Each structure stands twice: as C-alpha cells, then as structure tokens.
Amino acid sequence: RNPQCKNMVLLPLDNRIISGPGVTQGGVADCAVLTMTEMTFIEFKTNVVSNTEENIDSKTEDGIRQLWHTYDGVIKPRCLAKGIEIQKCVDVDFFVMFNKELDVTNTMASRQNYQMEFMNDHGLPLYFENEKDF
C-alpha cells in the first residue's frame with residue numbers, strides 16, 4: 001500500500017493472489033487497483049515491441065481474455081460465494097496497458113472497436129492506455 005494513497009490498494013494478481021493451474025488456465029490479469037468506489041483490473045502488455053496491427057491485435061485479444069477470465073472466472077465467483085455482488089459494491093473497469101512508444105490508446109479506431117465489443121458483451125468499460133495515474 002502506498003502511504004500517499006490511503007484509500008487505494010494495489011493487488012498483484014498473476015501468480016500472487018491468484019495462483020494454481022485450476023484458476024490460472026485462461027490467463028490472469030497482472031493486478032487490480034481497489035479503492036472504496038472502484039476496482040480496476042490491469043493487464044500490462046509492456047513487453048510488446050512490434051507495433052504491427054496484427055501483433056497489437058493479438059496482444060489486445062490476449063489481454064482482454066486475461067482480464068475477463070480474472071474477473072468473471074475467478075474474482076466474481078469467489079465474491080459471490082461469500083455473498084458479495086462486486087458490481088453492487090464498486091465500479092468495475094478494465095485496462096490493457098501498452099508501452100508509451102507504441103502509442104496504443106483509446107483514440108485508435110481499432111481499439112475503440114474492441115471497447116465497444118467489450119461493453120456490448122459484458123456491460124463494463126475497457127480502456128487502452130500507455131500511461132495512467134491512479
């Protein structure tokens with residue numbers, strides 16, 4: 001916990017809080033940021049070096065699968081098992097983060113298509129950024 005962010009907790013998920021072959025199959029988001037009002041799932045694709053559209057699309061799709069599996073396949077069911085409907089407690093959103101040099105952001109039409117599809121399929125927002133302040 002960062003002492004400057006008293007109401008924010010960074011949760012390292014992949015092979016930390018979420019581990020084991022039964023739940024990691026399907027991919028796990030790298031981390032989540034939890035505040036009193038929001039839970040943000042984040043997948044870092046910062047090791048991507050090729051900025052071809054095919055490569056960015058492939059990494060985007062991997063990231064989206066990991067994010068959704070983490071939420072819908074792991075976190076949400078575990079919360080429900082404890083009687084907690086997570087979406088009634090906090091706003092939930094998702095971020096795929098790329099290297100700044102690749103300039104992959106929400107302003108790209110190809111990323112906006114992924115955002116619309118994610119919203120239509122899941123009713124939750126998806127964002128693409130290359131830097132983010134929480």
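In the predicted model, a search of the whole structure identified six salt bridges.

Two of the salt bridges share R111. The side chain of R111 meets that of E53 in a salt bridge, with an N to O distance of 2.6 Å. R111 is located in helix 4 and E53 in helix 2, so this pair ties together parts that lie 58 residues apart in sequence. R111 also forms a salt bridge with D57, for which the closest N and O atoms are 2.7 Å apart. This second pair likewise links distant parts of the chain, with R111 in helix 4 and D57 in helix 2, 54 residues apart.

E53, at 37% relative accessibility, counts as partly exposed.

In general terms, side chains of opposite charge can pair when their charged atoms come close.

The largest nonpolar core comprises 30 residues. Within this core, the residues with the most contacts are L13, F41, Y71, F94 and L126. At least two core residues are supplied by each of strand 3 (38-45), helix 2 (53-81), strand 4 (91-98), helix 4 (109-122) and strand 5 (126-129). Helix 2 provides the largest share, eight residues. Helix 2 and helix 4 therefore both contribute to this core and are also tied together by the R111 and E53 pair.

The surroundings of F94 were examined individually. When residues up to four places away in sequence are not counted, F94 touches F41, L67, W68, Y71, F118, L124, P125, L126 and Y127. Among these contacts of F94, F41, Y71 and L126 are listed with F94 as residues having the most contacts inside the largest core.

Another core, of six residues, lies apart from the largest one. Its members include M8, V33, I42 and M97.

Methods:
Residues are numbered from 1 along each chain as its sequence is written. This is a predicted model: local features need pLDDT of at least 70, side-chain atom pairs count only at pLDDT 80 or more; totals for chains, interfaces and linings use all residues. Side-chain values use heavy atoms; hydrogens and water are left out. A nonpolar core is a set of buried Ala, Val, Leu, Ile, Met, Phe, Trp, Tyr and Cys residues joined through side-chain atoms within 4.5 Å. Buried means under 20% relative accessible area, exposed over 50%, partly exposed in between (1.4 Å probe, protein chains only). Helices (H or I, at least four residues) and strands (E, at least two) are DSSP runs, numbered from the N terminus. Contact means heavy atoms within 4.5 Å. A salt bridge is a side-chain nitrogen of Lys or Arg within 4 Å of a carboxyl oxygen of Asp or Glu.
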